[in-house]
Amino acid sequence: MTAKLPFEALSVETLAARLGANEALCSHIGKDTSRWNVREVGDGNLNLVFIVEGVAGAAVVKQALPYVRLVGDSWPLPLKRSFFEYHALTRQQARAPGSVPAIHHFDEGQALIIMEYLSPHIILRRALIEGRQLPKIARDIGLFMARTLFRGSDLHMATKDRKADLALFADNVELCDITENLVFSDPYFDAKMNRHTSPQLDRIVAELRADRDLKVEAQRLKHIFAANAETLLHGDLHSGSIMVTDTETRMIDPEFAFYGPIAFDVGMLLANFWMAFFSQRGHEQNGKRDTMRAYLLDVTVETWSVFRTEFSHLWRTERTGMLYQKSLFEDQGDRLGAEQALDHMLHQVWTDMLGFAGVEVHRRILGLAHNADFETIADEDLRATCEAKALKFGRHIAVNRRQIHSIDEVNKLAALIERENRI
Ligand code: SR1
Ligand code: MG
């Protein structure tokens, strides 16, 4: 038996020596390490990401660090997030084949995953900032969400398997804690790591922190997030966790995976499309972005529609779990009962999705982890104008979520707020 080596962070200089004997990596890129070219490309908040190219191909080596990369070693974070990422990727691949990168190797002790190098894919957020209209994202992401969220729940899984998975992912405590604080609480008080475009947004920030209805709603959503262990979530499904070409869409980075409410992934994702929409005004140096704005709203409509349609299809064809059993409905000739229950469930997902989207918008403008959509707007007054509109929109959909009935209604509001001259 080989002794387990203590964890050691990789570097561009050490990677070839450390992984030169790794069979999985060598089989994908070639074993002549003298021909390996290693680049560190991680631009996320948490991990190291290397692209390793050899004579026979390329691969990605992702390694967790024992702290939050964005903040430094003053904020320790367990390496086990790599374990949860690996297990989430295997489940997502089984439930939505072809939607995530292929895994070549996982080393739990070194917290590293060797996986497929996606090329010429780029991060979706970057594409949207550049004004690129990707034709397939709404369909691909809508299907991914419906398939993973339905098939990871008690609607589909054997309850014994779901409970085992629930227990496995329940240990992803520290990453849940990040979301619980950063998304649902920090934006609404003077938390230490918060920042915002100042002084332009100071007045609005004070108003939001004094907004009782908003704070009650944010805590209600936090309660749902923490207590409603419905399905295995991606847990961090924003446009920075998706890689695209015109013809392909792949979801990456599910290290925040845990059992939570279906509506969370959907809300976080749509929030990032709405933020891309509100940020476009800041990216008009080379021409107006009217068609890009229209495209982004269309993407939200199509994503929600594909999600609903596929979720409904799976409900009718794969409802094999312990919830809403067919023995109570279809087997008694009561198809209507099953459809009624489906409508109720989708209505709940819709209502909660709006709430999660609202608070996601707020935390990306007021909290620690901001979005490049707004951050790359160099003119601070212009950035603040875009951000203020997004904040207003987020507040409306979070607080009024039970009174909003369609995505067209939401998008009409977004378009109205976006065209306002005063903030
Ligand atoms: C301290 S981590 C900040 C954020 O980065 C990740 O991508 C998650 O979105 C998290 O909330
Ligand atoms: Mg990430």
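The legends below describe close-up views of a predicted model. Residues are numbered from 1 along each chain as its sequence is written, with chains lettered from A and ligands numbered from 1 in the order in which they are written. Local features need pLDDT of at least 70, side-chain atom pairs count only at pLDDT 80 or more, and totals for chains, interfaces and linings use all residues, while side-chain values use heavy atoms, with hydrogens and water left out.

**View 1. Helix 12 along its length.** Helix 12 covers residues 335-366; helices are DSSP runs of H or I with at least four residues, strands are runs of E with at least two, and both are numbered from the N terminus. Its 32 residues should span 46 Å, and the end C-alpha atoms lie 47 Å apart, which agrees. The expected span is 1.5 Å times one less than the number of residues. Of the 32 residues, 25 are buried, so helix 12 is mostly covered. Buried means under 20% relative accessible area, exposed over 50%, and partly exposed in between, with a 1.4 Å probe and protein chains only.

**View 2. Histidine 362 in helix 12.** Histidine 362 is part of helix 12 and is buried, at 0% relative accessibility. Apart from its neighbours within four places in sequence, it is in contact with Pro187, Tyr188, Leu208, Leu214, Gly367, Leu391, Gly394 and Arg395; contact means heavy atoms within 4.5 Å.

**View 3. Helix 10 against helix 12.** Helix 10 (residues 262-279) packs on helix 12 at an angle of about 50°, and the axes are 7 Å apart. Axes are lines fitted to C-alpha atoms, for helices over the stretch in contact, and angles run from 0 to 180 degrees between N-to-C directions. The two helices are therefore oblique to each other; under 35 degrees counts as roughly parallel, over 145 as roughly antiparallel, 65 to 115 as roughly perpendicular and the rest as oblique. Their crossing is right-handed, meaning that the near helix is turned clockwise from the far one by less than a right angle. Residues of helix 10 in this contact include Phe264, Met268 and Trp274, and those of helix 12 include Met353, Phe356 and Arg363. The contact residues divide into 15 nonpolar, two polar and four charged. Ala, Val, Leu, Ile, Met, Phe, Trp, Tyr, Cys and Pro count as nonpolar, Asp, Glu, Lys and Arg as charged, and the others, Gly among them, as polar.

**View 4. Helix 10 against helix 11.** Helix 10 and helix 11 (residues 290-317) pack at about 165°, with axes 8 Å apart. That makes helix 10 roughly antiparallel to helix 11. The crossing is right-handed. Among the residues in contact are Leu269, Phe273 and Phe277 of helix 10 and Leu297, Trp304 and Phe311 of helix 11. The contact has 14 nonpolar residues, two polar and one charged.

**View 5. Two cis peptide bonds.** The bond from serine 119 to proline 120 is cis, with omega near 15°. Proline 120 sits in the loop between strand 7 (112-116) and strand 8 (122-123). Serine 198 and proline 199 are also joined by a cis bond, with omega about 10°. Proline 199 is in the loop between helix 7 (173-184) and helix 8 (202-209).

**View 6. Positive phi at alanine 111.** Alanine 111, a residue other than glycine, has a positive phi near 50°. It is in the loop between strand 6 (103-107) and strand 7 and is buried, with a relative accessible area of 0%.
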